[in-house]
Amino acid sequence: MSDQPEVELEARLKEQAEFEPPESFVEQANVTDEGIYDEFEENWPDAWERAAELLDWESEWDQVLDDSNEPFYEWFVDGKLNASANCLDRHLDDRADEAAIEWIGELGETRTYTYEQLHREVNEFAAALRDQGVEEDDVVTMYMPMVPELPIAMLACARIGAPHSVVFAGFSADALAERMNSASSDLLVTCDGYYRRGEPLDHLEKARDGLGSVDGDVDTVIVDRLGDERSVDHNADEFDYDELVEANSGATVEPVVRDAEDMLFLMYTSGTTGKPKGVKHSTGGYLSYAAWTSQAVLDVKPDDNYWCSADIGWITGHSYIVYGPLALGTTSVMYEGTPDYPDKDRMWEIVDEYDVTQLYTAPTAIRAFMKWGSEYPAQHDLSSLRLLGTVGEPINPRAWKWYYKHIGNEECPVVDTWWQTETGGMMVTTIPAIGNMKPGSAGPPLPGISADIVDTNGDPVEAGRAGYLIVNKPWPGMLRTLYKNDERFIDEYWDEYSIPERDQWVYFPEDGAKIDDDGYITVLGRVDDVLNVSGHRLGTMEIESAIVGVEGVAEAAVVGGDHEMKGEAVYAYVITEDGQEESEAFHDEIIAAVEDAIGPIARPESVIFTPELPKTRSGKIMRRLLEDIANGEELGNTSTLRNPDVVHDIQKKVNQG
Ligand code: WTA
């Protein structure tokens, strides 16, 4: 730690708008040649072979990109490979006894899976899945917290060519059922429960509850996480994970040869409508992209103890806990619990104990660390850290600098990585040994990624002005379609935003952004009806439809209000039906309905009863005004409203709290 007085350092950090990559980092980094940007530009799309070459292929591709059927782009055409073989088998010669996964349970128990052990259990569970009747291309759903059996089940699916669909364990029973029905999935892998703040939580009840609403017969595999804490009586269609694995002890399953374009997995995410979108990712392009970005941006090397603190139930965990790091043969640290249990130094204790080399986390977590205070990281030796990363939402410069200083000791580059479920991997960020860091700004698009900021006509906006972020060339990790819904894929990602005069395909991520003269992009946040609550992506329409499902509710509008810790919080404005009392019980019923439909992460911060919603003369709800009210801001012009008075009534109600 620097011995300069705190104040002086703080002042310097405040002044410093740009930080150079630390020399000690540059000396050893995977990617150091600035020429890589030109190389990708001049040799596009063939330069992308560099990513594919990080993998082992059963047979090589004939063509890097087939763009003849846009927007259904194909990458590494006719290449054949298996993702589980790439994450496991090929490391056995050199790294059989090295740790693939270091798992840390919330109660402090630990498990290490070497590559050999992980390979063995993945084979055994793959054999078990086959026994259960799972065939190539059947979608297997996983509804599990952060237990090692989750990545094992994912890799077992990949091994037999069965795409997985992981549903975040914090989602509700209804959310699980909706996703299983949408994917026509008839096998579920789940677990009895898990620990939160030392307490066992029942998870199976929620899973069983959800299955009640799933069409068709579903078999369930149950992982025993709670041991004696909870004994489970299995129904006829429920199977114990350990028994299945044991019954297949020593089994080997040949990795199924998959086409580069075959689906590796499906991940549901929120969009503008009430129905989650099933984002389909490919085997060859996705895995190449996850591996390449892990290597270039996270600087992953086989000997690292790399830690991404996301949940595998979200895309960040898929790409940067499981596929990217394991494809590169490194050690991926996986933590079950919360960052402040048993105490607020838990993360730093883990970094210290495991000599963590890279930490990839979210701004919402960093804001919490800041609030708890720098004395917690200061209790531990964090000198093993070489690189820090963030993802999920914009990071404000203050939080960035705190992270840089108190966690990275000003010796670790911070990569602020912008990307999405749909992009499969990082898109906009500095390459840590090349680009200077500008706190608050993610950085330039990665080599080979072509992004711009445009106005509503699709014309580039001036540097420094806000506009819409677009990506105008395909990339290997991009989603291939929305599962069994090409039409919606075209509607959402092609028709509306492409610029027909230019006959150019444009991917519109629904984020606002600005670009500086030097090409650095600052992402400002979503421009659609999607909220970002603690880095979790939630659709306002999904929340609204849960609320209007409550008897006595006539209409609802959900918006995001600023929140110090969560980034955004859910504000629900509700109009009741005539005669419905606005009681506390009714208020609680609304909250419960949201938790039932989506999960506790979508729980409204505030439910505001109002006789009317502010609407334009054409009947559109003025969400911007509702946001301003939630944020206690001055309201702009309300004269275009059909019912301007209502705004002040609502404001009064909110202020009365
Ligand atoms: C937001 C998570 C600013 C953005 C990987 C995007 C970010 C949405 C950043 C995707 C960042 C992600 N800076 N905003 N570095 N990273 N976002 O699909 O609004 O869960 O559209 O993927 O998160 O969320 P998703």
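**Strands, a ligand and a helix**

Author: D452 stands opposite I470 in β22. The model is predicted.

Reader: What makes β21 and β22 a pair of strands?

Author: Pairing takes at least two bridges between the strands. β21 is joined to β22 (residues 466–471) by 4 bridges, so the two count as paired. They run antiparallel.

Reader: Which sheet holds them, and in what strand order?

Author: An open sheet of 4 strands, in the order β21-β22-β24-β25, with antiparallel pairing. Its edge strands are β21 (451–454) and β25, each of which pairs on one side only. From one strand to the next the twist averages 45°.

Reader: Why are β5 and β20 called edge strands in the sheet of 7 strands?

Author: That sheet is open and of mixed pairing, in the order β5-β4-β17-β16-β18-β19-β20. β5 (110–114) and β20 each have a single partner strand, so one side of each has no neighbour in the sheet. Neighbouring strands here are turned by 20° against each other on average, direction ignored.

Reader: How do you know that β16 and β18 are paired?

Author: The requirement is at least two bridges. β16 (residues 305–308) and β18 (residues 358–361) have 3 bridges, in the parallel sense, so they qualify. W307 has L359 in β18 as its bridge partner.

Reader: What makes α14 a helix that packs on this sheet?

Author: Contact means heavy atoms within 4.5 Å. Helix α14 (residues 346–354) touches β4 (99–104), β5, β16, β17 (331–335) and β18, and its direction makes about 145° with that of β4. Helix α17 (residues 397–407) packs on the sheet too, touching β18, β19 (387–391) and β20, at about 155° to the direction of β19.

Reader: How many residues surround the ligand, and of what classes?

Author: There are 17, with D416, T421, D511, R526 and R537 the closest. By class, the shell has 6 nonpolar, 6 polar and 5 charged residues.

Terms used
Residues are numbered from 1 along each chain as its sequence is written. This is a predicted model: local features need pLDDT of at least 70, side-chain atom pairs count only at pLDDT 80 or more; totals for chains, interfaces and linings use all residues. Side-chain values use heavy atoms; hydrogens and water are left out. A residue is near a molecule or strand if one of its heavy atoms lies within 4 Å of it. Ala, Val, Leu, Ile, Met, Phe, Trp, Tyr, Cys and Pro count as nonpolar, Asp, Glu, Lys and Arg as charged, and the others, Gly among them, as polar. Axes are lines fitted to C-alpha atoms, for helices over the stretch in contact, and angles run from 0 to 180 degrees between N-to-C directions.
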